[in-house]
Amino acid sequence: MRLAEHIDTLLERNVVFAAFRAPGERPRAMVQAGATLRTHRPGQRAFLIAPFEADPRDRFAIMPDLEFELDEDIPPLPDRPTLPERAYRPGLDRSGYADAVAAAVQHIRSGDLEKVVLARTIPHPLPTDLVGALFAHAVQALPDAFVALVRTREHGTWLGASPERLLRMRNGRVEVDAIAGTMPAAEVPEAPRWGIKERDEQHVVTEMVMRTLTDAGVKDLAVHGPKVLRAGPVAHLHSIVSGNCAGADHLSIAAGLHPTPAVGGAPRSVAASLITRLEPRPRGAYAGYWGLVDSDAMDLYVNIRCMELFNGHALLHVGAGITEGSDPEHECEEVERKAHTWTSLIARLGSAG
(Lines give C-alpha, C1' and ligand atoms only; values in the text may rest on other atoms or scores of the structure.)
Protein backbone atom coordinates (compact mmCIF):
# COMPACT_ATOMS: atom_id res chain seq x y z
CA MET A 1 0.00 0.00 0.00
CA ARG A 2 1.41 3.36 -1.08
CA LEU A 3 0.28 5.17 2.10
CA ALA A 4 2.13 2.72 4.38
CA GLU A 5 5.24 2.84 2.19
CA HIS A 6 5.33 6.64 2.29
CA ILE A 7 5.06 6.67 6.08
CA ASP A 8 7.89 4.15 6.33
CA THR A 9 10.01 6.31 4.04
CA LEU A 10 9.45 9.40 6.20
CA LEU A 11 10.47 7.44 9.30
CA GLU A 12 13.52 5.91 7.63
CA ARG A 13 14.70 9.33 6.47
CA ASN A 14 14.32 10.59 10.05
CA VAL A 15 12.89 13.92 8.94
CA VAL A 16 10.73 16.34 10.91
CA PHE A 17 7.18 15.71 9.68
CA ALA A 18 3.47 15.49 10.40
CA ALA A 19 1.39 12.94 8.49
CA PHE A 20 -2.33 13.26 9.16
CA ARG A 21 -5.85 12.53 7.96
CA ALA A 22 -8.80 14.57 9.19
CA PRO A 23 -12.27 12.96 8.95
CA GLY A 24 -13.57 13.15 5.41
CA GLU A 25 -10.26 14.32 3.93
CA ARG A 26 -7.29 12.75 2.16
CA PRO A 27 -4.14 11.90 4.16
CA ARG A 28 -1.30 14.37 3.67
CA ALA A 29 2.16 15.14 4.99
CA MET A 30 4.05 18.27 5.95
CA VAL A 31 7.86 18.01 6.04
CA GLN A 32 10.23 20.57 7.54
CA ALA A 33 13.84 20.75 6.40
CA GLY A 34 15.31 22.06 9.66
CA ALA A 35 15.37 20.11 12.90
CA THR A 36 14.17 22.88 15.23
CA LEU A 37 10.52 23.85 15.47
CA ARG A 38 9.76 27.53 15.05
CA THR A 39 7.20 29.80 16.71
CA HIS A 40 4.03 30.02 14.69
CA ARG A 41 2.86 33.43 13.56
CA PRO A 42 -0.76 34.29 12.70
CA GLY A 43 -1.57 33.65 9.07
CA GLN A 44 1.10 31.00 8.51
CA ARG A 45 0.15 27.56 7.25
CA ALA A 46 1.61 25.01 9.66
CA PHE A 47 1.03 21.96 11.82
CA LEU A 48 0.76 23.20 15.41
CA ILE A 49 1.90 21.00 18.33
CA ALA A 50 1.08 21.91 21.93
CA PRO A 51 2.01 19.38 24.65
CA PHE A 52 -0.17 18.94 27.71
CA GLU A 53 2.16 21.12 29.77
CA ALA A 54 2.41 23.80 27.06
CA ASP A 55 2.87 27.43 28.02
CA PRO A 56 0.01 29.35 26.34
CA ARG A 57 2.64 31.73 24.91
CA ASP A 58 4.44 28.90 23.11
CA ARG A 59 3.08 28.19 19.63
CA PHE A 60 5.60 25.79 18.16
CA ALA A 61 4.80 24.32 14.79
CA ILE A 62 6.11 22.32 11.88
CA MET A 63 6.57 24.94 9.17
CA PRO A 64 6.46 22.91 5.96
CA ASP A 65 9.12 23.20 3.30
CA LEU A 66 7.31 20.37 1.54
CA GLU A 67 3.65 19.33 1.56
CA PHE A 68 2.02 16.52 -0.40
CA GLU A 69 -0.87 14.06 -0.49
CA LEU A 70 0.16 10.69 0.93
CA ASP A 71 -1.71 8.73 -1.72
CA GLU A 72 0.39 10.31 -4.48
CA ASP A 73 4.05 9.86 -5.42
CA ILE A 74 6.37 11.08 -2.68
CA PRO A 75 8.54 14.03 -3.82
CA PRO A 76 12.28 14.33 -3.05
CA LEU A 77 12.75 14.80 0.69
CA PRO A 78 15.08 17.33 2.33
CA ASP A 79 18.40 16.33 3.82
CA ARG A 80 18.15 14.34 7.01
CA PRO A 81 18.40 16.46 10.21
CA THR A 82 19.81 15.14 13.45
CA LEU A 83 16.94 13.72 15.54
CA PRO A 84 18.19 11.89 18.64
CA GLU A 85 16.47 8.77 19.97
CA ARG A 86 14.11 9.62 22.82
CA ALA A 87 14.60 7.98 26.21
CA TYR A 88 11.95 5.41 27.13
CA ARG A 89 10.18 6.55 30.30
CA PRO A 90 7.06 4.65 31.40
CA GLY A 91 4.40 6.08 33.70
CA LEU A 92 1.90 4.38 35.99
CA ASP A 93 1.26 0.66 35.57
CA ARG A 94 -2.09 -0.94 36.52
CA SER A 95 -1.28 -1.26 40.22
CA GLY A 96 0.14 2.24 40.45
CA TYR A 97 -2.85 3.59 38.57
CA ALA A 98 -5.31 1.97 40.98
CA ASP A 99 -3.41 3.53 43.90
CA ALA A 100 -3.44 6.94 42.18
CA VAL A 101 -7.20 6.71 41.58
CA ALA A 102 -7.80 5.87 45.25
CA ALA A 103 -5.65 8.83 46.31
CA ALA A 104 -7.52 11.12 43.91
CA VAL A 105 -10.90 10.03 45.27
CA GLN A 106 -9.75 10.84 48.79
CA HIS A 107 -8.57 14.26 47.64
CA ILE A 108 -11.89 14.95 45.89
CA ARG A 109 -13.76 14.11 49.09
CA SER A 110 -11.83 16.90 50.83
CA GLY A 111 -14.03 19.32 48.90
CA ASP A 112 -11.69 21.47 46.76
CA LEU A 113 -11.77 19.31 43.62
CA GLU A 114 -14.68 18.11 41.50
CA LYS A 115 -12.86 15.95 38.96
CA VAL A 116 -9.35 15.03 37.88
CA VAL A 117 -8.22 13.07 34.83
CA LEU A 118 -5.42 10.61 35.59
CA ALA A 119 -3.28 8.99 32.90
CA ARG A 120 -1.43 5.70 32.80
CA THR A 121 0.88 4.10 30.27
CA ILE A 122 0.69 0.65 28.70
CA PRO A 123 3.78 -0.72 26.90
CA HIS A 124 3.14 -2.80 23.79
CA PRO A 125 5.46 -4.41 21.21
CA LEU A 126 5.40 -2.63 17.84
CA PRO A 127 8.07 -3.52 15.27
CA THR A 128 9.29 -0.44 13.42
CA ASP A 129 8.46 -1.95 10.05
CA LEU A 130 4.76 -2.13 11.03
CA VAL A 131 4.30 1.57 11.82
CA GLY A 132 3.44 2.60 8.27
CA ALA A 133 0.95 -0.22 7.94
CA LEU A 134 -0.55 0.67 11.33
CA PHE A 135 -1.06 4.28 10.26
CA ALA A 136 -2.69 3.18 7.01
CA HIS A 137 -4.87 0.66 8.83
CA ALA A 138 -6.02 3.30 11.33
CA VAL A 139 -6.95 5.68 8.49
CA GLN A 140 -9.16 2.96 7.03
CA ALA A 141 -10.59 1.54 10.28
CA LEU A 142 -11.26 4.86 12.07
CA PRO A 143 -12.89 7.19 9.53
CA ASP A 144 -14.27 9.55 12.20
CA ALA A 145 -10.94 10.06 13.99
CA PHE A 146 -8.12 12.52 13.37
CA VAL A 147 -5.23 10.15 12.66
CA ALA A 148 -1.78 11.72 12.95
CA LEU A 149 1.84 10.58 13.07
CA VAL A 150 4.33 13.27 14.08
CA ARG A 151 8.10 13.23 14.55
CA THR A 152 10.06 16.19 15.92
CA ARG A 153 13.26 16.65 17.86
CA GLU A 154 11.37 18.33 20.70
CA HIS A 155 8.58 15.76 21.11
CA GLY A 156 9.82 12.45 19.69
CA THR A 157 7.50 10.27 17.59
CA TRP A 158 3.78 10.07 18.35
CA LEU A 159 0.87 8.29 16.68
CA GLY A 160 -2.70 9.21 17.60
CA ALA A 161 -6.30 8.66 16.49
CA SER A 162 -8.38 11.24 18.33
CA PRO A 163 -12.19 11.42 18.35
CA GLU A 164 -12.07 14.83 20.05
CA ARG A 165 -11.73 18.12 18.23
CA LEU A 166 -10.54 21.00 20.40
CA LEU A 167 -11.32 23.81 17.97
CA ARG A 168 -12.58 24.23 14.41
CA MET A 169 -12.67 27.62 12.74
CA ARG A 170 -14.17 28.48 9.35
CA ASN A 171 -15.44 31.80 7.96
CA GLY A 172 -15.60 33.51 11.34
CA ARG A 173 -17.44 30.62 13.00
CA VAL A 174 -15.96 28.44 15.73
CA GLU A 175 -16.94 24.95 16.89
CA VAL A 176 -15.65 23.19 20.01
CA ASP A 177 -16.25 19.59 21.08
CA ALA A 178 -17.37 18.96 24.66
CA ILE A 179 -16.73 15.25 25.23
CA ALA A 180 -16.74 13.33 28.52
CA GLY A 181 -18.10 10.18 30.12
CA THR A 182 -17.14 6.73 28.90
CA MET A 183 -19.02 3.44 28.48
CA PRO A 184 -18.28 0.26 26.53
CA ALA A 185 -19.56 0.79 23.01
CA ALA A 186 -21.38 -2.56 23.01
CA GLU A 187 -23.49 -1.56 26.05
CA VAL A 188 -24.18 2.10 25.38
CA PRO A 189 -27.76 3.47 25.75
CA GLU A 190 -29.12 6.69 24.27
CA ALA A 191 -27.69 9.88 25.82
CA PRO A 192 -30.58 10.63 28.27
CA ARG A 193 -30.20 7.17 29.83
CA TRP A 194 -26.53 7.46 30.80
CA GLY A 195 -25.61 7.48 34.48
CA ILE A 196 -25.42 10.58 36.65
CA LYS A 197 -21.61 10.39 36.88
CA GLU A 198 -21.13 10.40 33.11
CA ARG A 199 -23.74 13.11 32.49
CA ASP A 200 -22.24 15.31 35.20
CA GLU A 201 -18.75 14.88 33.70
CA GLN A 202 -19.99 15.95 30.30
CA HIS A 203 -21.92 18.90 31.75
CA VAL A 204 -18.76 20.17 33.49
CA VAL A 205 -16.87 20.16 30.18
CA THR A 206 -19.69 21.91 28.31
CA GLU A 207 -19.97 24.66 30.95
CA MET A 208 -16.20 25.26 30.89
CA VAL A 209 -16.21 25.55 27.09
CA MET A 210 -19.09 28.04 27.25
CA ARG A 211 -17.29 30.20 29.83
CA THR A 212 -14.02 30.18 27.90
CA LEU A 213 -15.65 31.16 24.62
CA THR A 214 -17.69 33.89 26.32
CA ASP A 215 -14.55 35.33 27.93
CA ALA A 216 -12.81 35.28 24.52
CA GLY A 217 -15.56 37.40 23.00
CA VAL A 218 -17.30 34.69 21.00
CA LYS A 219 -20.92 35.69 20.29
CA ASP A 220 -24.17 33.87 19.58
CA LEU A 221 -23.18 30.70 21.44
CA ALA A 222 -25.26 27.58 20.93
CA VAL A 223 -24.99 24.04 22.30
CA HIS A 224 -25.91 21.04 20.15
CA GLY A 225 -26.31 17.78 22.08
CA PRO A 226 -25.33 15.82 24.01
CA LYS A 227 -25.40 12.81 21.73
CA VAL A 228 -23.53 9.51 21.85
CA LEU A 229 -20.14 9.49 20.14
CA ARG A 230 -18.73 6.04 19.39
CA ALA A 231 -14.92 5.79 19.34
CA GLY A 232 -13.82 2.23 18.65
CA PRO A 233 -14.42 0.04 21.71
CA VAL A 234 -15.86 2.86 23.83
CA ALA A 235 -18.47 5.60 23.55
CA HIS A 236 -18.75 9.10 25.05
CA LEU A 237 -21.29 11.86 25.52
CA HIS A 238 -20.65 14.60 22.98
CA SER A 239 -21.92 18.15 22.54
CA ILE A 240 -20.80 20.78 20.05
CA VAL A 241 -20.56 24.41 21.18
CA SER A 242 -20.56 26.91 18.31
CA GLY A 243 -20.46 30.67 17.94
CA ASN A 244 -19.33 33.74 15.99
CA CYS A 245 -15.61 34.36 16.54
CA ALA A 246 -15.01 37.09 13.96
CA GLY A 247 -12.14 39.31 15.12
CA ALA A 248 -11.01 36.95 17.91
CA ASP A 249 -7.50 35.53 18.31
CA HIS A 250 -8.22 31.92 17.44
CA LEU A 251 -4.98 30.50 18.83
CA SER A 252 -5.63 32.32 22.09
CA ILE A 253 -9.05 30.65 22.22
CA ALA A 254 -7.34 27.26 21.81
CA ALA A 255 -4.86 28.07 24.58
CA GLY A 256 -7.73 29.18 26.83
CA LEU A 257 -9.65 25.96 26.27
CA HIS A 258 -6.63 23.78 27.08
CA PRO A 259 -6.65 21.67 29.14
CA THR A 260 -10.39 21.04 29.16
CA PRO A 261 -11.91 19.15 32.12
CA ALA A 262 -12.03 16.13 29.78
CA VAL A 263 -8.21 15.78 29.96
CA GLY A 264 -7.31 17.80 33.07
CA GLY A 265 -10.08 18.27 35.60
CA ALA A 266 -12.03 20.92 37.48
CA PRO A 267 -11.12 23.29 38.98
CA ARG A 268 -8.26 23.40 36.48
CA SER A 269 -5.47 24.60 38.78
CA VAL A 270 -6.28 22.16 41.59
CA ALA A 271 -6.49 19.27 39.12
CA ALA A 272 -3.17 20.24 37.50
CA SER A 273 -1.44 20.24 40.87
CA LEU A 274 -2.79 16.78 41.71
CA ILE A 275 -1.80 15.40 38.30
CA THR A 276 1.77 16.59 38.88
CA ARG A 277 1.81 14.89 42.28
CA LEU A 278 0.25 11.55 41.27
CA GLU A 279 1.66 10.96 37.78
CA PRO A 280 5.38 10.07 37.79
CA ARG A 281 6.26 11.62 34.41
CA PRO A 282 5.23 14.61 32.28
CA ARG A 283 2.57 13.74 29.74
CA GLY A 284 4.38 15.31 26.82
CA ALA A 285 2.24 15.30 23.68
CA TYR A 286 -0.44 13.12 25.33
CA ALA A 287 -3.60 15.14 26.08
CA GLY A 288 -2.11 18.20 24.42
CA TYR A 289 -3.45 19.38 21.09
CA TRP A 290 -2.26 19.45 17.50
CA GLY A 291 -3.50 20.04 13.98
CA LEU A 292 -3.53 22.20 10.88
CA VAL A 293 -3.66 25.98 11.09
CA ASP A 294 -3.92 28.35 8.14
CA SER A 295 -4.71 31.98 7.44
CA ASP A 296 -8.48 31.41 7.26
CA ALA A 297 -9.05 27.99 8.83
CA MET A 298 -8.05 25.90 11.82
CA ASP A 299 -8.62 22.29 12.87
CA LEU A 300 -7.08 21.37 16.22
CA TYR A 301 -7.62 18.04 17.95
CA VAL A 302 -6.94 16.86 21.50
CA ASN A 303 -4.21 14.23 21.31
CA ILE A 304 -5.88 11.34 23.11
CA ARG A 305 -5.93 7.66 22.04
CA CYS A 306 -2.25 7.98 21.26
CA MET A 307 1.08 6.27 21.68
CA GLU A 308 4.71 7.28 21.88
CA LEU A 309 6.90 5.26 19.52
CA PHE A 310 10.34 3.87 20.28
CA ASN A 311 12.56 1.36 18.52
CA GLY A 312 10.48 -1.83 18.40
CA HIS A 313 7.80 -0.91 20.92
CA ALA A 314 5.12 1.64 21.76
CA LEU A 315 4.01 3.29 24.98
CA LEU A 316 0.23 3.80 24.91
CA HIS A 317 -1.12 6.74 26.88
CA VAL A 318 -4.69 6.54 28.21
CA GLY A 319 -6.66 8.28 30.92
CA ALA A 320 -9.97 8.40 32.78
CA GLY A 321 -11.96 11.04 34.61
CA ILE A 322 -11.94 10.48 38.37
CA THR A 323 -14.79 11.76 40.54
CA GLU A 324 -15.95 11.14 44.09
CA GLY A 325 -17.79 7.99 43.04
CA SER A 326 -14.94 6.43 41.05
CA ASP A 327 -13.88 2.85 41.73
CA PRO A 328 -10.16 2.11 41.13
CA GLU A 329 -10.79 -1.27 39.53
CA HIS A 330 -13.47 0.13 37.23
CA GLU A 331 -11.17 2.98 36.13
CA CYS A 332 -8.36 0.50 35.40
CA GLU A 333 -10.74 -1.41 33.15
CA GLU A 334 -11.87 1.80 31.43
CA VAL A 335 -8.38 2.90 30.41
CA GLU A 336 -7.59 -0.60 29.16
CA ARG A 337 -10.72 -0.48 26.98
CA LYS A 338 -9.49 2.82 25.55
CA ALA A 339 -6.08 1.29 24.81
CA HIS A 340 -7.88 -1.43 22.85
CA THR A 341 -8.39 1.09 20.03
CA TRP A 342 -4.71 0.57 19.17
CA THR A 343 -3.92 -2.87 20.56
CA SER A 344 -6.68 -4.43 18.46
CA LEU A 345 -5.31 -2.79 15.29
CA ILE A 346 -1.79 -3.98 16.10
CA ALA A 347 -3.09 -7.50 16.72
CA ARG A 348 -4.83 -7.52 13.32
CA LEU A 349 -1.62 -6.50 11.60
CA GLY A 350 0.24 -9.30 13.37
CA SER A 351 -2.40 -11.78 12.26
CA ALA A 352 -2.25 -10.56 8.68
CA GLY A 353 1.53 -10.94 8.68
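Biologist: Which residues have the most contacts inside the largest nonpolar core?
Modeller: This is a predicted model, and its largest nonpolar core has 114 residues. The ones with the most contacts inside that core are Phe47, Val116, Leu118, Phe135, Met307 and Ile322.

Biologist: And what's in the second, separate core?
Modeller: That one has six residues, including Val188, Ala191, Ala235 and Leu237.

Biologist: Back to Phe135, what does Phe135 touch?
Modeller: Leaving out residues up to four places away in sequence, Phe135 touches Leu3, Ile7, Ala19, Phe20, Leu70, Val147, Ala148, Leu149 and Leu159.

Biologist: OK, helices now. At what angle do H1 and H3 pack?
Modeller: About 135°, with their axes 7 Å apart. H1 covers residues 2-13 and H3 covers residues 131-141. Angles over 145 degrees would count as roughly antiparallel, so this pair is oblique instead. The crossing of H1 past H3 is right-handed.

Biologist: Which residues meet there?
Modeller: From H1 you get Leu3, Ala4, Ile7, Asp8 and Leu11. From H3 it's Val131, Gly132, Ala133, Phe135, Ala136 and Val139.

Biologist: How many of those are nonpolar, polar or charged?
Modeller: Nine are nonpolar, one is polar and one is charged.

Biologist: One more thing: is His6 buried or exposed?
Modeller: His6 sits in helix H1. Its relative accessible area is 7%, and buried means under 20%, so His6 is buried.

Biologist: What's around His6, then?
Modeller: Not counting residues up to four places away in sequence, His6 touches Leu70, Glu72, Asp73 and Ile74.

Methods. Residues numbered from 1 in each chain as written. Predicted model: local features only at pLDDT ≥ 70, side-chain atom pairs only at ≥ 80, totals over all residues. Heavy atoms only, no water. Axes fitted to C-alpha atoms, helices over the stretch in contact; angles between N-to-C directions. Helix = DSSP H or I, 4+ residues; strand = E, 2+ residues; numbered from the N terminus. Parallel < 35°, antiparallel > 145°, perpendicular 65-115°, else oblique. Left-handed = near helix turned anticlockwise from the far one by under 90°. Contact = heavy atoms within 4.5 Å. Nonpolar A, V, L, I, M, F, W, Y, C, P; charged D, E, K, R; others polar. Core = buried A, V, L, I, M, F, W, Y, C linked by side-chain atoms within 4.5 Å. Buried < 20%, exposed > 50% of the residue type's maximum accessible area, 1.4 Å probe, protein only.
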